[in-house]
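Subject: Structure handover

Hello,

Here is the structure I said I would pass on. My notes on what was found in it follow below.

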Amino acid sequence: LQRYAVELGRADSRLVIVSDNERVRRQLEVAGVLDEIGEAGLYESDAWLGRTVRRAHADAMAWVADQSEGA
């Protein structure tokens with residue numbers, strides 16, 4: 001995931017992850033993935049996982065629109 005996040009960054013893109021598992025978060029920290037994607041790249045869900053996925057999608061669409069305006 002870290003290499004993938006780096007490659008996405010090189011391609012002017014980014015990786016975001018949705019998870020509700022503290023172990024997954026810790027593994028992302030240890031592996032350096034959180035260093036690469038930043039806290040904003042990790043969407044920690046609540047009991048309604050779908051709500052978090054929708055928020056991540058909306059944020060991603062806004063990010064793409066911002067990138068398109070800058071091109």
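A polar atom of the Ser19 side chain lies 3.1 Å from the backbone nitrogen of Asn21. That is a polar contact, meaning a pair of N or O atoms within 3.5 Å; within protein, one must be able to donate a hydrogen and the other to accept it, and residues adjacent in sequence count only if both atoms are side-chain atoms. Before going further: this is a predicted model, in which local features need pLDDT of at least 70 and side-chain atom pairs count only at pLDDT 80 or more, while totals for chains, interfaces and linings use all residues. Residues are numbered from 1 along each chain as its sequence is written, and side-chain values use heavy atoms, with hydrogens and water left out.

Ser19 belongs to strand 1 (residues 17–19). Helices (H or I, at least four residues) and strands (E, at least two) are DSSP runs, numbered from the N terminus. Ser19 has a relative accessible area of 12% and is therefore buried, where buried means under 20% relative accessible area, exposed over 50%, and partly exposed in between (1.4 Å probe, protein chains only). Leaving aside neighbours within four places in sequence, Ser19 is in contact (heavy atoms within 4.5 Å) with Val24, Tyr43, Glu44 and Ser45.

After helix 2 comes Gly32, with a positive phi near 85°.

Overall layout

The protein has four helices and two strands, and from the N terminus on the elements run α-β-α-α-β-α. Its C-alpha trace spans about 40 × 25 × 15 Å along the principal axes. Of the 71 residues, 24% are buried. The accessible surface comes to about 5,200 Å², and 51% of that belongs to carbon and sulfur atoms; these areas come from the Shrake-Rupley method with a 1.4 Å probe, and for residues only the protein chains shown count as cover. Among contacts between residues at least 6 apart in sequence, 53% join residues at least 24 apart.

The core

Nonpolar side chains tend to be buried together in soluble globular proteins. A nonpolar core here is a set of buried Ala, Val, Leu, Ile, Met, Phe, Trp, Tyr and Cys residues joined through side-chain atoms within 4.5 Å. The largest one has nine residues: Ala5, Leu8, Leu15, Ile17, Leu28, Val33, Leu34, Ile37 and Leu42. Helix 1 (2–10) and helix 3 (33–37) are the elements that give two or more residues to this core, and helix 3 supplies the largest share, three residues. With neighbours within four places in sequence left aside, Ile17 is in contact with Leu1, Leu28, Val33, Ile37, Gly41, Leu42 and Tyr43.

Charged pairs

A salt bridge is a side-chain nitrogen of Lys or Arg within 4 Å of a carboxyl oxygen of Asp or Glu. By this rule there are five salt bridges. One of them joins Glu7 and Arg10, at 2.7 Å from N to O. Both residues lie in helix 1, three residues apart, about one turn of the helix. Glu7 is partly exposed at 45% relative accessible area, and Arg10 is exposed at 62%.

Arg25 takes part in a salt bridge with Glu29, where the closest N and O atoms are 3.5 Å apart. Arg25 and Glu29 are four residues apart in helix 2, so about one helical turn separates them. The relative accessible area of Arg25 is 14%, which makes Arg25 buried, whereas Glu29 is partly exposed at 32%.

Arg25 also meets Glu39 in a salt bridge (3.0 Å, N to O). Because Glu39 lies in the loop between helix 3 and strand 2 (42–44) and Arg25 in helix 2, this pair ties together parts that are 14 residues apart in sequence. Salt bridges that share partners join Arg25, Arg26, Glu29, Glu39 and Glu44 into one network.

A loop residue

Asp12 lies in the loop between helix 1 and strand 1. The phi of Asp12 is near 55°, a positive value in a residue other than glycine. With a relative accessible area of 63%, Asp12 counts as exposed.

Regards
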